[in-house]
Amino acid sequence: MYNYLVSRLATSVVVLFGVSLVTYGLVFLTPGDPARTILTQQLERQPSQNEVDAFRAEQGFDEPIPIQYLGWLSDALRGDLGTSYYTDTAVTTLVLEALPATLELAAASMVVALALAIPTGVLSAVNRGTTVDYASQIGALIGVSMPNFWLGYLLIMVFALVLGVLPVAGAGSFAQLVLPAITLGTGMAAVVTRLVRTSMLEVLEEPYVDTARSKGLRERIVVYKHALRNALVPVVTIVGLQFGSLLNGAVVVEIVFQRPGLGMLLVDAVFDRNYPVVQGIALFTGVVFVATNLLVDVTYRYLDPRVALGGETA
Amino acid sequence: MSESNGALEAGVRRRYRSIRDSRTVATVLSNPLNVAGAVIVATVTAAAVVGPTVAPYEPASQDLANRLQGPSLAHPFGTDQLGRDVFSRLLYGARLSLGIAVVVTAIRLVLGTTIGLVAGYAGGWVDEFLMRLVDVQLAFPGLILALVIAGVLGPSLRNVMIALAVVGWASYARLVRGSVLSTKEREFVRAAQLMGVSWPRIAVRHLLPNVAGPVVVLATLNVGTVILGTAGLSFIGLGAQPPTPEWGTMLSAGRHHLRDAWWIVNAPGVAIMLTVLGFNLLGDGLRDVLDPKQEANLERST
Amino acid sequence: MTDILTVENLHTQFRTREGPVRAVDGASFDVAEGETVGIVGESGCGKSVTARSIVGLQSPGEIVRGSIRLDGVNVPDATDRQLRRLRGETVSISFQDPSRALNPVFDVGEQIAESLRVHDRPESQGLLDYLHAPLFSRRSAWRESRERAVELMEQVGIASPEDRVDAYPHELSGGMRQRAGLAIAMASDPDLLIADEPTTALDTTTQARILERLRRLTDERGTALLLISHDLGVVADVCDRVVVMYAGQVMETGPTERVLEDPRHPYTRALLECSLRNGDGKRRLPTIEGTVPERTDERSGCPFAPRCSSATDACLTGEVPTVELEEGTAACGEPIALAPSDDAPPNDAPPNNALSSEPTPRAAGRSSGRTTSPLSAAEGPPEASDPLRQGGDAFAESGPRDAPSKPERARSASDRSSAEPNGGFGRDSAADPDRAPNSSGSSESDRATPLVALEGVSKRFSLDDGLLDRVVGESRELRAVDDVTLEIAEGETVGLVGESGSGKSTLADLVTGLETPTSGAVRLDGVAVGAADGRSADELAEVGVIFQNPRSSLNPRLTVEQTLAEPMLAQGWDERRRRQRLDRLLELVGLPERHANRHPHELSGGQVQRVAIARAIALDPQLVVFDEPVSALDVSVQARILNLLSDLQRELELTSLVISHDLDVIEHVADRVAVMYLGELMEVGPTDRVFEQPSHPYTVALLDAIPSLDGGDSPIQLEGAAPSPIDAPSGCPFHTRCPDADSTCAETEPEWMDVGPVRSKCHFPRER
């Protein structure tokens, strides 16, 4: 286990290095001279050559690119992601301010998703081929296919505008969390339901399930102890990886519900060409994502004693 | 050369025969869900091909006198805030959405499959390097990376396509590499190796056919994902710019009229959902017959 | 004695796309209290489905008719509650594959403890209690059950159970897992234990110990045992009574001794005939032609009739009567067939026996008149639909070469034995390269260099994976093959035998070039060869390989013809030459020409292996390596493939290396045998001599572990499992399990000793 952790960590460091390269390199995709583009946006007029030169010097754009990168990286490692072009606020501060709203949304969505998905998936598998199964399969497919920005507006129309029971938008209160969490959670629930069902169907065919039955165990214990525990092993992996798609969805959902989270911050920064903020958020999500994957792998090893203590799962 | 052509032809003919007679087709069609998927995909494809010629109105023709009209005979899905016919715009949008999705998926597929094949083949350092590249790509939530790339490149449909293509190839690479590695270890490949069959021939004849199934399934499902991604980025404002009749852009424009014109949001919403649903259903159906695991089952039951 | 189990007219069906398959089709039998009954039959005969039906596990099958009375309850009508009570108190089952029958995510103790708790309090099974949810779980009760689980583990023969109780299934060896499964089954102290193929997945030595334990446990507790096996030897070893099943029906029942010595039903006779250990070493094996039919349609008549040489037209229709014999019953409508076989002892193959290896006139006639047979069109899948097709056509189309007439074969057999006087061909080739082991008797084979020579070959695998391990970790190695020296002369067949994990397959890979030796050299015709990708096409063509699992060794997407063309294309043969060779190959392996366009999934297991063999010999290789050529096949199919091997050996003067864990297979095909243990050769010598007079204690133990049809004598058993090849014992690798070992064995590695014609690596070889 120790050896595995060390080698897994080493891989993660390599990946994170790649992530930082990509993040930093993004700026150079911008058409034209970044300094000029940024200044034009900032000053809302064509900047003079002097202004551009001054800006370049201030931002360190004069240095060779590898030096710039190393400077940026060493700052980033110390938690300094630079300052916003417009407000002079540290990017780290901006990210940390926006983070709670997004985390709150992600956590609530995860709860919604699992609460919906696990029972539905199990029921679907146990009643394979029945109406229950078909209904949940179709429901899950619709959930997967539904763009969550549309689902968000649909929910707003029904619950906020027609029924008037929940607020349209905003963040802070529990009531304001309900619709966004459902919007984001159902999409993920659909994915997980399908996974639980498949996984469960596979496990129910396993001989050890028959062994459990032949002991005289109640079907409930056979299903929820022997089968479910095994079926959840791959589910945990995917749920962990789904965390990334939660962040994807959070961007859109935050815009629909006007929640001031990371997604909102990112979209604003992208349109403002506020590159330090864009880079900061990209790096941050990359790091979070890599860390989640690492955590998932370790959990997986704990859940499934069969996985050898060495070697890669992929 | 002519001989290999002959073999190829014979192969194609045999494949056609086997498709025609096979239980595969029957299996796919025996599930009503698969049929529904095929019908939806066929309908959307038809709309994309002939839609612009049968659309009752020009997508950009404004009629401010008739703005925000509810569904009627003249305007089956109503009109938008500028009096444009929502139904006609949907039809034009079908071509756009589907076209983008197919192109982006094709780029992802070719890029990812190539990288996966090379990694799986070569092994060693090449494999290690390419897989770390895959890891790096997968280390970003897809839409966020696409959003940043599209944003930095500047809002336009072309840039959205580039962004989506760049972020989606890694899953193909992983899938193909995995299949290549496991197929490479199967005894029939080892047998071919021991008989002196050359590596390129082993790749084409033994590896690719056994890798192709899952890739086709992934690509089918991917078309749906790309449609969602394009619509999402356009919704945010990075993709198609008004007045382009893109489904995500249309939905975004309609959000200011949730109270007075619900159809503007819901018409493109339903269109997106149904299209994606169609591809998901079809992909599932294909998985049932193309997945190697499933194939093993078929083998056993005969 | 009262019956604990009565099965009457049981019908269990599967739903498939082609309609219901009648897996069990009117089976009736019973088991008395404390009795030990065996069910035997080929795979696909409905044995396991019967077992599952008895414990009420219907999915995926479904009981459509008949009754199963267990302790006064009719299982098909039982309520869930009654079923749970039956399973918790009356009947237990241990399943076939021990590695899959245990839940991988719970430790063994938990799984046994559960069984104990169900038995104690069948009606108070709280989900939260069983999930060990804090506050809801009765921890003291669980603790107590766990302690009892340790006792049970001890009883089923798990060493140091206190440590193993916390082990997860994957941490145990196959034999240990099977024992754990047995402990789960015995935890409820059942009146009836059903053991479904309890030893099939295990090594011979482990098998013997498990059977012994099973016998002892059921004797001590007076538990009735229903043992299901395809292996007559296993059943003969353990059971009082035998039930022979075929195609879902009971063919014959009776006391084990009577059934083995005086089988009445033609199928039972056939089964006994096929059993390898009935024959002397090199005799051509009797076979049952055709395959078990899959019964999809409604059809009457005896299911065995199409393969039965005693069958009359009456057998094909109508009800089959079950005849009461003096001891037992038999289901057959032909009184002549059922007559006691005084004049035809089953241990020989009388010419008029029901299942002689030759196509009887009757079978041949039927095969040519196939279209008019009432059965031909009726059945579903291609091969099963016409049981006669395979065998009939094989003989019909391959002509006299493949099926020489009897006198001819007798002559070739005697040629062979006269050409190989025991002492002559027995000497080890390393000691005397001049000898002529060629079974064809050709004098040309006196050669200075053997065809294949392994010179001190070792193969080590590094267990460190990952870049980091390689950098920081201490290196661990697995000694798969250790200093093996072995030669194969031209025309000779060498058998390599050993338990799983002994390095047999790695040795084969070294010969074929799939692996390269860490040290030592592999020479082909005197030339050192390397890895397969380093060998030239011509060098590769010199070695043909047949893999263990015929299905996975053929590309499922290629037809037979395409598969066979592969090696020829690699050699750049033109179309005409390929065509000719293809026809010849099909003929050689006994496949009808029209199979050329089929895909592997359209062929039966035996046919697929024939294709694999044809591919291996396509380029006329000098050496053919057979890696477990028949272990994945059914007994009756095994016999046919082994016959094919003998034919090919004779006809093509093949030089071959045959690898098998099955001593019977080796005895049948090999001229010389090499016994392998933990990567090292233990004994090398002429097959007859080694089997009759083994010199190495390990060989003795291996031979003793084979279950015999005579039953009775208790074999010498190996203690414990084989040590891990990662840290192999010092000195003689076998000393940890050897009954003859003393301190010398633990310290010094034995030198090779010559014991007559045999080479033995033992300090104290047994000389008689």
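A definition first: a residue is buried if its relative accessible area is under 20%, exposed if over 50%, and partly exposed in between, with a 1.4 Å probe and protein chains only. Those areas come from the Shrake-Rupley method with a 1.4 Å probe, and for residues only the protein chains shown count as cover. Helices (H or I, at least four residues) and strands (E, at least two) are DSSP runs, numbered from the N terminus.

Now the provenance. This is a predicted model, in which local features need pLDDT of at least 70 and side-chain atom pairs count only at pLDDT 80 or more, while totals for chains, interfaces and linings use all residues. Residues are numbered from 1 along each chain as its sequence is written, chains are lettered from A and ligands numbered from 1 in the order in which they are written, and side-chain values use heavy atoms, with hydrogens and water left out.

I start with helix 9 of chain A. Of its 8 residues, 8 are buried, so this helix is largely enclosed by the rest of the structure. The buried residues are Pro207(A), Tyr208(A), Val209(A), Asp210(A), Thr211(A), Ala212(A), Arg213(A) and Ser214(A). After helix 9 of chain A comes Gly216(A), with a positive phi near 95°.

Which residue of chain C does Asp210(A) meet in a salt bridge? The partner is Arg52(C), at 2.7 Å, N to O. Arg52(C) belongs to helix 1 (residues 47-54) of chain C and Asp210(A) to helix 9 (residues 207-214) of chain A, so this pair joins two chains. Arg52(C) and Asp210(A) are both buried. The rule for a salt bridge is a side-chain nitrogen of Lys or Arg within 4 Å of a carboxyl oxygen of Asp or Glu. Over all chains, that rule gives 50 salt bridges.

Two further salt bridges are in chain C. In one, the side chains of Arg581(C) and Asp620(C) meet at 3.9 Å, N to O. This pair links distant parts of the chain, 39 residues apart: Arg581(C) sits in helix 22 (residues 575-589) of chain C, and Asp620(C) in the loop between helix 23 (605-616) and strand 19 (623-627) of chain C. Arg581(C) counts as buried because its relative accessibility is 14%. Asp620(C), by contrast, is exposed, with a relative accessible area of 52%.

In the other, Glu587(C) meets Arg584(C) at 3.7 Å, N to O. Both of these residues lie in helix 22 of chain C, 3 residues apart, about one turn of the helix. Glu587(C) is partly exposed at 29% relative accessible area, and Arg584(C) is partly exposed at 27%.

Next, the surface. Glu147(C), Glu151(C), Glu154(C), Glu162(C) and Asp163(C) form a negative patch. Patches are made of residues with over 30% relative accessible area and no salt bridge, with like charges joined within 9 Å and nonpolar side chains (Val, Leu, Ile, Met, Phe, Trp, Tyr) within 5 Å. Lys and Arg count as positive and Asp and Glu as negative, leaving out His and the chain ends; a charge is placed at NZ of Lys, CZ of Arg, CG of Asp or CD of Glu.

Which helices of chain C each supply at least two residues of this patch? They are helix 6 (139-155) and helix 7 (161-164). Helix 6 of chain C gives the largest share, 3 residues. Glu147(C) is in that helix and is exposed, with a relative accessible area of 51%.

Last, the annotations. UniProt positions are in the numbering used here, feature names are shortened, and annotations may be inferred rather than shown by experiment. For chain A, an unreviewed UniProt entry lists "transmembrane region" at several spans, among them 138-162 and 174-196. Residues 138-162 of chain A are 92% helix and 0% strand, with end C-alpha atoms 27 Å apart. For residues 174-196 of chain A, the values are 100% helix, 0% strand and 29 Å.

For chain B, the UniProt annotation "domain: ABC transmembrane type-1" (unreviewed entry) covers residues 94-283. That span is 84% helix and 0% strand, and its end C-alpha atoms lie 19 Å apart.
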